[in-house]
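I opened my notebook to record, entry by entry, what I looked up in this structure. The sequence and the model come before my notes.

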Amino acid sequence: MNEQNNYNQLIQKLDTFVRKYYINLSIRGLLYTLGVVGLAFLLINLLENYYYFGQTGRKSLWFGFLATSLLALGYWVAGPLARYFKLGKVISHEQAAKIIGDHFPAVKDKLLNILQLKKGASPNDSLALAGINQKTEEIKLVPFRAAID
């Protein structure tokens, strides 16, 4: 029973990592969006200052600015937030294990091996379950959430 508990704790840590990963993406996206919107605003104001546009030109600039702002907000902020709430395609545990393995050299392949062992092991395979438990104990204290800057 302890083997299953260790594996479940590992999966919970991976799920927490994935959620933090998407929060980080949405915060980064918010910063990108603010930058793009600010640049577009400055560009449009400079254009209007130097070239006095008529009503049609101003409408075009306004709707272009609005479209750019909404697209940036949707792509960089709303997309990761939707995945945070598990709407749409979310990264798998294997992909999360690769990201964590790239950040922590001590965990490099162990985490991915645990996931692959569990996927391929039958419920009665005591050798595979012992291997999963041993590897899980080795990486138990690694803070996965720290892999996100």
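**Salt bridges, then a helix face**

I began with Glu138, which counts as partly exposed at 42% relative accessibility (buried means under 20% relative accessible area, exposed over 50%, partly exposed in between, with a 1.4 Å probe and protein chains only). I noted that this is a predicted model, in which local features need pLDDT of at least 70 and side-chain atom pairs count only at pLDDT 80 or more, while totals for chains, interfaces and linings use all residues. Residues are numbered from 1 along each chain as its sequence is written, and side-chain values use heavy atoms, with hydrogens and water left out.

I then looked up the partner of Glu138 and found Lys110, with which it forms a salt bridge whose closest N and O atoms are 3.2 Å apart (a side-chain nitrogen of Lys or Arg within 4 Å of a carboxyl oxygen of Asp or Glu). Lys110 lies in helix H4 and Glu138 in helix H5, so the pair ties together parts that are 28 residues apart in sequence (helices are DSSP runs of H or I, at least four residues, numbered from the N terminus).

How many salt bridges does the structure hold? I recorded three, and another of them joins Glu94 to Lys119, with 3.4 Å between the closest N and O atoms.

Finally I turned to helix H4 (residues 110-120), where the buried residues are Leu111, Leu112, Ile114 and Leu115. Seen down the axis of H4, these buried residues fall within an arc of 160 degrees, so they line one face of the helix (the arc is that of the directions from the helix axis to the C-beta atoms).

Technical notes
Helix = DSSP H or I, 4+ residues; strand = E, 2+ residues; numbered from the N terminus.
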